[in-house]
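User: Let's talk through some charged pairs and strand pairing. Here's the model I'd like to go over.

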Amino acid sequence: MGSKKTPSIEQQTIPKMEWTRISTPLLLLIFRWSLVFSSRSSRSSNEYSYSSDYREPVLHDDYDDDYEYDEDFPASWNLPSTDTKSSCYDENNQPQRCAPEFSNAAAYRNIHATNTCGSQGPREFCRQMGTPWAREPCEICDATVPHRAHLPHHMTDFNTYRNLTWWMSDTMEDGIDKPGQVNLTLDFRKSFDISYVRLRFYSSRPESFSIYKRTHLDSDWTPYQFYSATCNETYGIPDGSYVTRDNETLPLCTSEFSDLSPLTGGTVVFSTLEGRPGSYDFEKNPKLQEWVIATAIRITLDKMNTFGDEIFEDPLVLKSYFFAISDFSIGARCRCYGHASDCIFVPDEATGILRLVCRCEHHTMGDDCDSCLPLFNQRPWAPATTTDANECLRESAVVFFLFSFVPSGHVLRQEKV
């Protein structure tokens with residue numbers, strides 16, 4: 001049998017490689033997908049931890065590319081918190097303390113501003129460039145033109161560096177700082193436990209401003225914190241003072257955030273319990289429990305930061321000084337005294353306007369779950385604690401005897417009610 005002849009290399013048939021033409025749009029789409037997946041993989045390696053709502057508010061820059069947002073609450077920064085809303089009953093259906101989810105309570109809420117650029121017609125404003133003689137071209141603010149409006153709700157809308165919105169006041173040329181004071185008021189119409197108040201300025205941070213809160217719907221404004229380069233002269237409070245166990249609800253003043261720099265993007269964060277000794281035993285400290293309660297928050301902007309060149313009254317110089325805020329966030333929980341895990345909107349009985357109330361459990365009732373339901377008053381209402389849910393209990397059956405007295409002195413009848 002003859003052997004099979006192997007063809008030479010020259011005689012071997014080499015298969016031809018066929019190229020598939022890919023259109024340019026498809027190539028761009030593939031490239032974009034690769035960027036998305038690589039971005040997601042890099043984000044997954046960044047883990048956050050957060051020990052408590054009331055201590056060390058670890059806040060990340062809302063303009064960072066790698067910062068993630070809460071899809072269920074798009075206007076809130078996705079705070080690194082492991083303490084979300086909790087159930088009011090355990091796996092054995094026994095009552096336990098519960099709380100609504102910690103969130104940005106300012107998100108998408110309306111803010112009332114006593115002054116807004118362009119509300120009285122078009123106004124010109126200029127941007128600072130870092131030196132007294134250099135400024136960017138001036139622009140127009142007009143509250144009636146969407147792309148030129150800088151309205152109060154722009155402080156609480158969805159905001160990234162790609163979609164930057166901000167509120168701004170009139171400029172110094174319009175007399176806003178001679179002297180000037182602008183109030184920004186956010187009214188919850190419902191009590192919240194406030195953890196922090198955070199402001200990100202589009203202008204430079206003010207030379208002097210303050211934060212106030214209203215504890216109850218009909219109470220006066222209570223100062224939370226003062227910021228000023230001249231604390232003692234402006235607010236009558238020494239700079240850098242501190243609190244003790246005897247005065248834990250004392251508002252303080254600091255000059256730490258009153259520099260002219262940065263000219264934009266400066267952030268101020270006020271933590272309600274930072275530096276207050278009783279915060280480590282918060283549940284047993286009724287003064288601090290009252291301190292964190294607020295039904296409304298007010299920012300009072302008192303004095304602008306300047307280079308000092310406004311004394312020459314150059315119109316272009318005066319137009320470059322104004323108050324502007326791009327983000328106003330409030331980290332808080334809807335206050336339900338440990339008797340609800342959700343807050344919901346319901347129509348007001350008188351006006352029909354939606355308002356926020358607790359979805360009460362533990363046989364409690366009220367906007368804040370601050371009373372017991374009828375027939376559940378066997379013991380007085382009390383807030384839930386870590387050791388006792390203080391559930392309102394049904395009253396026991398009671399036997400009452402109704403006596404009818406007759407002249408003979410004998411009981412005519414007795415009835416069980």
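Predicted model: local features only at pLDDT ≥ 70, side-chain atom pairs only at ≥ 80, totals over all residues.

User: Which residues are joined into one network with Arg 355 by salt bridges that share partners?

Analyst: Salt bridges with shared partners bring in one more name, and the network is made up of Arg 355, Asp 348 and Asp 367.

User: Is Lys 319 buried or exposed?

Analyst: Lys 319 makes a salt bridge with Glu 124, with the closest N and O atoms 2.5 Å apart. Glu 124 sits in strand E3 and Lys 319 in the loop between helix H4 and strand E14, so the pair ties together parts 195 residues apart in sequence. Glu 124 is partly exposed at 30% relative accessibility. The cut-off for buried is under 20%, and Lys 319 has 13%, so Lys 319 counts as buried.

User: How many residues apart are Arg 123 and Asp 174?

Analyst: Those two form a salt bridge, with 3.5 Å between the closest N and O atoms. Arg 123 is in strand E3, while Asp 174 is in the loop between strands E7 and E8, which puts them 51 residues apart.

User: Which residue in E11 stands opposite Gln 225?

Analyst: E10 runs antiparallel to E9, with 7 bridges joining them. On E10's pairing with E11, 3 bridges join the strands, which run parallel. There, the residue opposite Gln 225 is Leu 252.

Terms used
Residues numbered from 1 in each chain as written. Heavy atoms only, no water. Pairing = 2+ DSSP bridges. Helix = DSSP H or I, 4+ residues; strand = E, 2+ residues; numbered from the N terminus. Salt bridge = Lys/Arg side-chain N within 4 Å of Asp/Glu carboxyl O. Buried < 20%, exposed > 50% of the residue type's maximum accessible area, 1.4 Å probe, protein only.
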